[in-house]
Amino acid sequence: MRRFILPVYVITLRDLKKFFRQKSRLIGMIARPLTWLFIIGTGLNQIIKGNLGVNYIQFILPGILGMTILFSAIFSSISIVWDREFGFMKEILVTPISRFSIAFGKMVSGTLMSTIQGLIIMAAAPFIGIRFTMAEVLLLVLFIMIVSMCISAIGVFIASLIKSFESFNIIMNFIVMPMFFLSGAMYPINILPKAMRYFMYLNPLTYGIDSFKHIMFVDFANFHSDISMLHDIVLMLSFTLGSIILAALAFNRQQKE
Amino acid sequence: MNAIEVKELHKTYDGVPAVDGISFEVGYGELFGFLGPNGAGKTTTINILCTLLKPASGQACVAGLDVNKEPDKVRKNIGLVFQETTLDNELTTFENLLFHAYLYGLARSKAIERIDELLSMIGLQNKKHEIVKHLSGGMKRRLEVIRGLLHRPRVLFLDEPTIGLDPQTRAGVWNFIKDMKQKEGTTIFVTTHYMEEAADFDKIAIIDHGKIIAIGNPQKLIHEMSKAIITFSTDDDITARQLLSHGMVSLGGKKYQIKTEKPDNFIKQMFGLPGLKIDEFKINQPELEELYISLTGTEIRDEHIEHTVFKKRHKT
């Protein structure tokens, strides 16, 4: 057991150290969601007078939280490609630790970093009229962690498949951005045409963001979510487990001849 | 039992053999040099021995362990210094070393003790908490060598350890490697294409086109496989005739030359002749470099083959 836990701890520790050392990355990761929330949210709040049950700036907070997790978890996992290009991955691969503990370590560090950033974004909630009880905060942390783990695993899976950093733009444009826009982050799922809705139902982030909505808007009687909480939990956990397995297999496979 | 035993090792890429049935042994405590042009199969061999690559066929044992059957155990017993830098530039010297020690299962207190011991050996104690990207190329290299030795491996592999370093730094890195070998008794397996570096190794193998074309002690190889060049200068016609009759060739002017495998015998023989008038006398014992060129030819190899091999590894 120690043989598995220790490498996971070491890989996580390394990523966290680097994360807190890169001040610009830290600032960017916090500034982006706050820009979305307060600038785009405030602007669109004037135009959108739909039947949401909450005002628009409140409506997008769970979505912005999802976006924060999405970006930070993908970035964290993609560092595998970076490590590979700079040779550091080779150094890790010749140590006697198992391949799975390397992959899992990357997922854990992605989860922790995303959770930390998610929590920083949550501090904005009281400023836009959303208040939590302690129990809600704890529940939210739990769900943030599950969603972060799922996205980190997807990131490790992608990082294992792509060969170089040049593919990064393709990943951003064809996976990350569609995942964000087709997740119910910016608008309710049910206003979209049926064809697009299918994509949303295939997107794990949809269930993650929906679960955030359930927890955050529990006090807003007029708010109705698109999916039931039970569905969110079951599907989110299934996606997470599936992604971890796929990521581990893909990571293991890339290193073998 | 030897530190490394390789039998009939094969590896091909897209039908092109990179390693074509090589066999060799390296004894414990030896400094072994694996020499050859770019694309000759050096890196492929090292990657197989380090369990990063699976051989197509053949057997390879490191520290008595089969690389195919017990790769995890092999990894525990080897240290590796790669051609390219594999340090984490964003972390400090100490963090890089501690990270490595943890991955090999060293306890924190033991690891710190060992790190301090090795850092003082290479005189980098004062850079312990420096971020690695601020270190010079030579410092980084030395740091990588001690990182490879941190977990006290039986065999240390160094893939082109002095590539891209200036001559002073290169000499420094070599002194340090030999010093470490002495102190730690580690078996050292080095690939290089700087021949002069390999002249005082315990054993070398020259590989080309995936095959070993010479193996043994470098000084012995030079004596056995290459010819010394002896040059005499003389004004005297009788002496000149004598020289020519013993197989020397005129180089024009007053110079006469012969290439021979047994320079000692030839000289004894010549100086046994009566009435010889020699103005000047020169003997050129060939260097390893000349032997190497004579064995591998002078055509220029590009990095192409080895490079595609490396890219392939990412793909699969």
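Predicted model: local features only at pLDDT ≥ 70, side-chain atom pairs only at ≥ 80, totals over all residues.
Chain B has 316 residues, of which 37% count as buried, and its C-alpha trace spans about 80 × 50 × 35 Å along the principal axes. Its secondary structure comprises twelve helices and 14 strands. If one considers the contacts in chain B whose separation is 6 or more, 70% of them are accounted for by residues 24 or more positions apart.

Among the strands of chain B, six form an open sheet in which the order is β6-β7-β8-β3-β9-β10 and the pairing is mixed. The edges of this sheet are β6 (78-81) and β10 (211-216) of chain B, each of which pairs on one side only. On average, and with direction ignored, neighbouring strands of the sheet are turned by 15° against each other. One of the pairings within it joins strand β3 (residues 31-35) to strand β8 (residues 187-192) of chain B, which run in the parallel sense and are linked over five bridges; here G33(B) has V190(B) in β8(B) as its bridge partner. Against the sheet packs helix α1 (residues 42-49) of chain B, touching β3, β7 (155-159), β8 and β9 (203-208) of chain B, and the direction of this helix makes about 150° with that of β7(B).

Turning to where the chains meet, the contact takes 20 residues from chain A and 23 residues from chain B. On the side of chain A that touches chain B, α1 (2-21) and α4 (88-93) of chain A each supply at least two residues, and the largest share, seven residues, comes from α1(A). Sorted by class, this side of chain A has nine nonpolar, two polar and nine charged residues.

Helix α1(A), which contributes that largest share, also packs within its own chain. The axes of α1(A) and α5(A) come within 8 Å and cross at roughly 45°, and that angle makes α1(A) oblique to α5(A). The crossing in which α1(A) passes α5(A) is right-handed. From α1(A) the contact draws on F4(A), P7(A), V8(A), I11(A), T12(A), D15(A), L16(A) and F19(A), while α5(A) brings S101(A), I102(A), F104(A), G105(A), K106(A), V108(A), S109(A), L112(A) and M113(A). By class, the contact of α1(A) with α5(A) has eleven nonpolar, four polar and two charged residues.

Helix α5 (residues 99-122) of chain A also holds M107(A). M107(A) counts as buried because it has 31 C-beta neighbours inside 10 Å, where 20 or more are required. Not counting residues up to four places away in sequence, M107(A) touches M149(A), S152(A), A153(A), V156(A), I244(A) and A247(A). The C-alpha atom of M107(A) is separated by 9.9 Å from that of I74(A), a residue 33 positions away along the chain.

The crossing of α9(A) and α10(A) is left-handed. In this contact P204(A), Y207(A), G208(A), D210(A), S211(A) and H214(A) of α9(A) meet M229(A), D232(A), I233(A), L235(A), M236(A) and F239(A) of α10(A). The residues of the contact of α9(A) with α10(A) divide into seven nonpolar, three polar and two charged.

Technical notes. Residues numbered from 1 in each chain as written. Chains lettered and ligands numbered in written order. Helix = DSSP H or I, 4+ residues; strand = E, 2+ residues; numbered from the N terminus. Buried ≥ 20, exposed ≤ 12 C-beta atoms within 10 Å, placed from the backbone. Contact = placed C-beta atoms within 7 Å. Nonpolar A, V, L, I, M, F, W, Y, C, P; charged D, E, K, R; others polar. Left-handed = near helix turned anticlockwise from the far one by under 90°. Pairing = 2+ DSSP bridges. Axes fitted to C-alpha atoms, helices over the stretch in contact; angles between N-to-C directions. Parallel < 35°, antiparallel > 145°, perpendicular 65-115°, else oblique.
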